[in-house]
Amino acid sequence: MKILWFMFLELLSSALSLDNGLALTPPMGWLTWQRFRCITDCKKYPEECISESLIKRTTDIMAKEGYLAAGYNYVVIDDCWLEKKRDANNRMVADRQRFPSGIKALADYVHGKGLKLGIYQDYGTKTCAGYPGVLGYEEIDVKTFAEWDVDYIKLDGCNVDPSKYDTGYPAFGKLLNETGRPIVYSCSWPAYQDNPNYSSIAKYCNLWRNYEDIDDSWASVKNIMQWFAENQDELVRYAGPGHWNDPDMLVIGNFGLSLDQARVQMAVWSILAAPLLMSVDLATIRPEFKEVLLNEDVIAVNQDPLGKQGMRVWTGSDCEIWNRELADGSYAIAFVSLREDGAPFTLEASFDDMKISKKIYKVKDLYNDEKTTFCDIQGKFETRINPTGVRFYKFTPICI
Ligand code: GLA
C-alpha cells in the first residue's frame, strides 16, 4: 500500500513538474535588454528601439553570420514590447507602432530563418518597466503566447509579493505545459527571494535568474562571479540537463568590457554551464568580440552534454582557478586574474590547486594563443595571465 501511495505521489509530481524535454544544454541566444534596455523612441533611435525591425535585423545576422551555426538559436524580446493597455478581450497587444505586424508574424519570420522566438513577461501586475503583467490573466496570456508560436518565455517577478512565486511560477509553468507547445521557461523566481526553494525551482523552470541584473561593466561581471563562487556549494547541485542557473546576459561587445574581460566572461559563463544570451548590437559589434562569442571550443565547454556546473576551486594572489568536469573525462580550467597591476602575472598551480588528479594531460588553449602542451605529474602548471584576463584550457588525460 505504501509503495502504491509513493508511486501515485511520484506520478503526480512528474505530471506537475516541467518535463518539456527542452534546454538539455544551456540555452543560447540573444536578448534585447542589456544593450537596448527600454528604448522606445524609434524616431530618435531607429536602429536601437525595441521593435520588430530590431528583431528581424538581429535574426538575419544570426542566421547569416555564423551565430546560429554556433548554437545561438533563440532571439528574445525583453521588456517594453507591449502596449500599455490590453485589448477589449483582455489580450496582450504588442506596441502598434513598433511591432506593426504583430508577434505571430514576427515568430513566422524568425522561424523562417531557422531560429526561435522568445518574449518577456512578468508574473506581477506590471512588468519591471511598467507594462501590463500577467497576474490575473495567466490563462489567456499563455494561450496567446502559444497561438503566437512563441518558443521561450522569460517571466520576471516585479510588482508582486515574492511569497506568491512559490505557487505562481509552478502554476504558470503548468499552463505552458498544457499548451502542448514546447516553450522554454525562464524564471526570475529566486532573484527576488532571500531563501529560494531551489529544488522546486529546478523542477519547474528550465533556467532561473539567481541574482542581480548585470550591467555593462567589469565591476558587475566580477561581482556576479564572486556571488556565484560564494554560493556554489548550494547552486551546482540544481544545474543539469533541462534546468540551469542563470547569471544573466553576456555583455561582450558593448561599451564596458575590454577584450580580456570579455574573454573572462565567456570562459567563466561556460564553466558555470550558464545560458549564453548575448545582448549586443550584432550589426556593429567589433570582429574581435564576435570571435569571442563564436569561439567553438569555449562554446563546446558550455554545451558539454554532462551538464555539470563547474566551480571556483582556488583563489590567491588576486587570481582564481575555475574548473568544470566534462563528459569525455577532460577538465575545462580557467585561470582568471583580477589583478590590475601592469604586466601579465605568472601563476604556478599544483594539481591540488586545480582540483585534478595526478595524471599526464594534453593541455589545449581554448583561445588559441598558445600551442598545445603537456602537463605531467612531476611539475606544476605555469601560466601567464593578462591583467583582468583569463587563460582558458582544456586538460585531457592521456594514457601512456
Ligand atoms: C528586470 C530583469 C532584467 C530585465 C528588466 C526589464 O530588471 O532582471 O533582466 O528583464 O527587468 O524591465
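How many disulfides does the structure hold? I find four disulfides, a disulfide being a pair of cysteine sulfur atoms within 2.5 Å.

A note on the source before I go on. The model is predicted, so I take local features at pLDDT of at least 70 and side-chain atom pairs at pLDDT 80 or more, while totals for chains, interfaces and linings use all residues. Residues are numbered from 1 along each chain as its sequence is written, and side-chain values use heavy atoms, with hydrogens and water left out.

Entry: I looked up the pair Cys-42 and Cys-49. Their sulfur atoms are 2.1 Å apart. The link of Cys-42 and Cys-49 is right-handed, with 105° about the S-S bond.

**Entry: the ligand.** Which residues surround the ligand? I list Trp-33, Asp-78, Asp-79, Tyr-120, Cys-128, Ala-129, Lys-154, Asp-156, Arg-209, Asp-213 and Met-249; each has a heavy atom within 4 Å of the ligand. I sorted this shell by class and got five nonpolar, no polar and six charged residues. Here Ala, Val, Leu, Ile, Met, Phe, Trp, Tyr, Cys and Pro count as nonpolar, Asp, Glu, Lys and Arg as charged, and the others, Gly among them, as polar.

Next I checked polar contacts (pairs of N or O atoms within 3.5 Å). A ligand oxygen is 2.5 Å from a side-chain N or O atom of Asp-213. For Asp-156 the distance from a ligand oxygen to such an atom is 2.9 Å. For Arg-209 it is 3.1 Å. Taken alone, the ligand exposes 310 Å², and the protein buries 91% of that (Shrake-Rupley method, 1.4 Å probe).

**Entry: the largest pocket.** Where does the ligand sit? I place the ligand in the largest pocket, as more than half of its atoms lie within 2 Å of the grid points. A pocket is an open set of points on a 1 Å grid over the protein atoms alone, with protein on both sides within 12 Å along at least five of seven lines; lining residues have an atom within 4 Å of a point. The largest pocket holds about 210 Å³ of space. Of its 16 lining residues, the closest to the centre are Cys-128, Asp-156, Tyr-192, Arg-209 and Asp-213.

**Entry: the cavity.** I count one cavity of 30 Å³ or more, a cavity being a set of points where a 1.4 Å probe fits but cannot get out. The largest cavity has a volume of about 50 Å³. Its lining includes Leu-31, Tyr-152, Lys-154 and Arg-209.

Terms used:
Polar contact = N/O pair within 3.5 Å; in protein donor to acceptor, adjacent residues only side chain to side chain. Points joined across faces, edges and corners; volume = space filled by probe spheres on them.
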